[in-house]
Amino acid sequence: MRLSRHAHDTNRSRKGLLAAAIGLGLAAALGATPTAGAAPAPDAAAGGPASYAAYERSQENADANRAFFDAVQRAAAQERAAKPGALAVTVTYNTRNAPSFRTQIARSTQIWNSSVSNVKLQEVSSGGHFSYREGNDSRGSYASTDGHGRGYIFLDYRQNQQYNSTRVTSHETGHVLGLPDHYSGPCSELMSGGGPGTSCQNATPNSAERARVDYLWQNGLAAARR
C-alpha cells in the first residue's frame, strides 16, 4: 500500500525518534549518556592533562595496574621456583615495540635498580615478563595486560612531550613492581604521576616507595600484596 506524503513523513519521524531512544538507552547501559550537540572538550579529544587525569583516576586503570602486577608476579614466581636460594627476583622486559623511548626506559630501569634490592629489572631481546609499547592514546601512558598473562607499558607520544618523559616511564614501571597511583601526592612522590603538573621533573621513587617495593619482593618473593 502506498503511503501519503504526510504518513510517510510521520513514519520516518517515528523511526528517527525510536533510533535516538535506542541510542540513548545503549549509551546509558554502558554508563555514558550523550548530550545533544555536545562535542568532546579539545583537551580530552586531543589527549591532554584533563583526559589523562580522567583515565588515571578511573577504576579501569586501577584494575589494569593490579592485573599487571599480578601477571608479572606470577611469572616471576614460577621462574624463581627453579632458583629457591635467590635473594632477588629478576623481572625481564623488552623494548622492541618502543624504540623511541629506549633512552628513557634505560634511565628508569637504572633508577629502579639502584633504588631497591629485592627485585631487579633486566632487558631481553624478546619475550620477557612484560614489554614496552609506544603510540598515540588520548588516555596517555598506562600499564596493562595483554590478556595472556603478560604485561605491557604503553607510552603515549603526546603525554611524553608534555611531561618529563623519564618520570612518565619510571612511574609506569613502578606499577610493574606493585605500586599503585597516588595522584594527590607531591612531586617528590613518583607515583603521584601527573598530579603535580607538567613542571614536575622528579623521576625517582621516594624512601616510602622504595621500602614498599622491597617489602613486596622481600627475600626473592613477592610476599605481600597491596
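**View 1. Contacts of Thr169 in the predicted model.** Thr169 touches Gln104, Ile105, Ser108, Tyr132, Leu155 and Asn160, leaving out residues up to four places away in sequence. The model shown here is predicted. Thr169 belongs to helix H7. Thr169 counts as buried, because its relative accessibility is 0% and the cut-off for buried is under 20%. Tyr142 lies 27 residues from Thr169 in sequence; their C-alpha atoms are 9.3 Å apart.

**View 2. Crossing of helices H5 and H7.** Two packed helices are described by the angle between their axes and the distance between the axes. Here H5 spans residues 102-115 and H7 spans residues 165-176. Their axes come within 8 Å and cross at roughly 55°. H5 is therefore oblique to H7. The crossing of H5 past H7 is right-handed.

**View 3. Residues between H5 and H7.** On the H5 side, the contact uses Gln104, Ile105, Arg107, Ser108, Ile111 and Trp112. H7 contributes Ser165, Thr166, Thr169, Ser170, Thr173 and Gly174. By class, this contact holds eight polar, three nonpolar and one charged residues.

**View 4. The largest nonpolar core.** This core has 26 residues. Those touching the most other members are Val91, Trp112, Val119, Phe130, Tyr132, Val213 and Trp217. Two or more residues each come from strands E1 (89-97), E2 (119-123), E3 (130-135) and E5 (151-156), and from helices H5, H7 and H8 (207-216). E1 gives the most, with three residues.

**View 5. Surroundings of Val213.** Val213 is in contact with Trp112, Val116, Val119, Leu177 and Leu179, setting aside neighbours within four places in sequence. Val213, Trp112 and Val119 are among the core residues that touch the most other members.

Terms used:
Residues numbered from 1 in each chain as written. Predicted model: local features only at pLDDT ≥ 70, side-chain atom pairs only at ≥ 80, totals over all residues. Heavy atoms only, no water. Axes fitted to C-alpha atoms, helices over the stretch in contact; angles between N-to-C directions. Helix = DSSP H or I, 4+ residues; strand = E, 2+ residues; numbered from the N terminus. Parallel < 35°, antiparallel > 145°, perpendicular 65-115°, else oblique. Left-handed = near helix turned anticlockwise from the far one by under 90°. Contact = heavy atoms within 4.5 Å. Nonpolar A, V, L, I, M, F, W, Y, C, P; charged D, E, K, R; others polar. Buried < 20%, exposed > 50% of the residue type's maximum accessible area, 1.4 Å probe, protein only. Core = buried A, V, L, I, M, F, W, Y, C linked by side-chain atoms within 4.5 Å.
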